[in-house]
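Have it open while you read.

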Amino acid sequence: YINCPMTKEQYDAFVAALLDGEKVDFKDWETNTPYFDGCLPVEVMAERGHETLRHGPMKPVGLTNPHNPTVKPYAIVQLRQDNKLGTLYNIVGFQTKLKHGAQQRVFRTIPGLENAEFARLGGLHRNTFLNSPKLLDAQLRLRAQPRLRFAGQMTGCEGYVESASVGLIAGLCASADMRGAALPPPPAT
């Protein structure tokens, strides 16, 4: 990761630019689609409160300035390497409905990105998932077609580890089923 720290003044200017940036309009079929709270566009997070981004993708926790350890960033933007060569980076946690021109203007206010070349601008992804409590049984089988099991993000969980965990549980359930045994579901959380 590369960290781009911000002062309070830089953060305030960034949030103001984000809120003022021109957004892409929803298509008719998208207008009533709710956002998943774990994948909100950055401008929607900013609309929820000026400090919201500092408690989400711009949280400045656990980072120390090696040149001056007493100075802590007010907010931080993280860049994650996106290719093996290290020539492409993506901005962590920055889904957006900003139009491309607005993205370039707003994201260039991030310290260190003033002269950045943007190889691929952002957008939104839509998570499609089952209503698992209604459609799946405790063994992750489709109630209407018990020969089918579902796992991962499709079941409504969010996150890499969580998706892998549900996949493991589905596999263990299938294995137990093949042996004529039953695997008790994990405890409720």
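Predicted model: local features only at pLDDT ≥ 70, side-chain atom pairs only at ≥ 80, totals over all residues.

1. Residues are numbered from 1 along each chain as its sequence is written, and side-chain values use heavy atoms, with hydrogens and water left out.

2. Now the hairpin itself: strand 4 and strand 5 make one, with two residues between them. Strand 4 (residues 141-142) and strand 5 (residues 145-149) run antiparallel and are joined by two bridges. Leu 142 has Gln 145 of strand 5 as its bridge partner.

3. On to the rings. There are three aromatic pairs in the structure (ring centres of Phe, Tyr or Trp, the last by its six-membered ring, within 6.5 Å; planes under 30 degrees apart are stacked, over 60 edge-to-face, the rest tilted). Phe 14 and Phe 94 count as tilted because their planes sit at 40 degrees, with the centres 6.0 Å apart. Phe 14 is in helix 1 (residues 8-20) and Phe 94 in the loop between strand 3 (89-91) and helix 3 (100-107), so this pair ties together parts 80 residues apart in sequence.

4. Are these two buried or exposed? Phe 14 is buried, at 0% relative accessible area, and Phe 94 is buried too, at 9% (buried is under 20%, exposed over 50%, partly exposed in between, with a 1.4 Å probe and protein chains only). Phe 14, Phe 94 and Phe 107 form one aromatic cluster.

Note on methods. Pairing = 2+ DSSP bridges. Helix = DSSP H or I, 4+ residues; strand = E, 2+ residues; numbered from the N terminus.
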